[in-house]
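Here is a structure to look through. A few questions and answers follow.

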Amino acid sequence: MPADVLGIKDLGVEEPVNMEDRADRYLIRFKKPSMFEDDKEIIRPPQ
Amino acid sequence: MAHASAVLKPLSSLRSHGGRSSVSGATVTVFGGTGFLGRYVINRLGKMGCRVIVPFRGDEIMVRHLKPMGDLGVVNFFDMSIREPEQIEEAVAGSNIVINLLGKHFETSRWSFQDVHASFPAVLGTICAEQGVDRLVHVSALGASASAPSAWARSKAVGEENVRAAFPETTILRPAPVFGDEDRLLNRIAKLSRAFPLLPLVDGDALQQPVFCDDLAKAVVEAASNRDCAGKTYSLCGPKVYTNLQMAEYVFKVSCIDGPCRLASSRHATPRHATPRHATQRRMPRLLAAVRPGDRRRQQRRRLAASHRDGVRHRHFYPAQPLAHARYSEDADSGDDDACGCTRH
């Protein structure tokens with residue numbers, strides 16, 4: 001973004017949130033379930 | 001002039017944080033309040049004790065989550081259509097701040113980009129000028145340009161011109177792609193990655209600077225409450241620049257999906273908003289079928305299609321899956337049939 005353009009800091013947001021700091025909190029719901037093994041038997045294989 | 005003096009106090013009191021039970025005296029009409037950004041904007045307005053009017057179309061179930069964002073009677077809903085100027089006038093009447101968050105990502109048979117992005121801002125600006133509204137905030141998009149290849153971006157640029165011509169003191173906000181809990185940016189990548197074996201990534205080298213939804217809502221409220229913002233245009237971006245490929249890889253990393261081998265990037269693909277959504281959807285199954293012909297999901301789709309033949313859903317019986325607890329009952333079955341204790345046996 002060009003420096004002379006008015007930006008989000010001019011509207012009082014001094015420290016905008018970085019995507020990597022926040023997005024993992026809600027993307028975790030898409031996390032694939034891990035493998036479940038019980039007594040050397042794979043109950044749920046890795047996806 | 002009496003109207004102008006009446007709105008001075010409410011606007012200055014917007015800067016206070018009295019809480020949801022406080023009364024700031026300001027009345028704010030938020031068009032597009034039922035959308036992604038709308039809930040964050042209304043939440044912030046509710047915290048300041050503003051009376052909020054939310055024009056909406058559709059079912060009331062789409063707005064019920066907004067009701068607890070303010071005290072009793074603070075968040076009001078108004079069922080209307082933006083095709084009816086009289087209804088727009090009624091929604092704006094009595095408000096000293098109007099925020100336009102309306103936007104569409106795809107056209108439908110009833111609503112074109114021209115209707116929503118270009119024509120409505122012109123009508124809204126005219127009505128706000130007639131009604132003596134003190135502040136009008138119009139949320140456009142960062143890529144808005146009259147020379148853009150995308151019809152979506154061109155219509156956004158026309159909307160900016162129209163609203164500025166009708167209401168010169170409009171504050172125009174041009175946000176970058178927004179991320180947040182309900183976004184269409186990262187959630188779409190994650191959903192596609194789970195549903196399909198590859199991600200058709202359009203122009204992986206394209207740069208984006210996503211902005212957080214609550215930061216954007218804070219900026220919208222600041223633009224609405226600050227008279228110094230009148231007549232200005234702001235470009236709102238996040239702190240860091242990503243390529244489309246980096247964003248997809250980040251989503252893959254968070255959701256533990258195997259890495260770049262699943263990406264199918266195309267530099268010469270059609271721009272995001274230039275193709276009707278249904279055309280992309282039509283091509284998608286063919287593309288996926290060509291990549292993994294024996295995929296389990298493809299078989300599931302066939303089964304589903306077969307079960308819906310003749311337009312009637314036929315009952316389809318799948319082979320019974322072994323139950324997890326059945327493994328633990330093997331020893332019991334050898335001795336006593338009822339030892340499992342399960343009603344299925």
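**Strands and their partners**

Q: In which sense do strand β1 (residues 27–31) of chain B and strand β2 (residues 51–56) of chain B pair, and over how many bridges?
A: Strands here are DSSP runs (E, at least two residues; helices are H or I, at least four), numbered from the N terminus. Two strands pair if DSSP finds at least two bridges between them. B:Thr27 has B:Arg51 in β2(B) as its bridge partner. The pairing of β1(B) and β2(B) is parallel, over three bridges.

Q: How far can these details be trusted to count, and how are residues and chains labelled?
A: This is a predicted model, where local features need pLDDT of at least 70, side-chain atom pairs count only at pLDDT 80 or more, and totals for chains, interfaces and linings use all residues. Residues are numbered from 1 along each chain as its sequence is written, while chains are lettered from A and ligands numbered from 1 in the order written.

Q: Which strands stand at the edges of the sheet in chain B?
A: Seven strands of chain B form an open sheet, ordered β3-β2-β1-β4-β5-β6-β11. Each edge strand has a single partner, so one side is left without a neighbour in the sheet. They are β3 (75–79) and β11 (233–236).

Q: How many residues of strand β5 (residues 135–139) of chain B are buried?
A: Buried means 20 or more other C-beta atoms within 10 Å of a residue's own, with C-beta atoms placed from the backbone. B:Arg135, B:Val137 and B:Val139 point one way, B:Leu136 and B:His138 the other. The count of buried residues in β5(B) is five of the five.

How values were computed. Buried ≥ 20, exposed ≤ 12 C-beta atoms within 10 Å, placed from the backbone.
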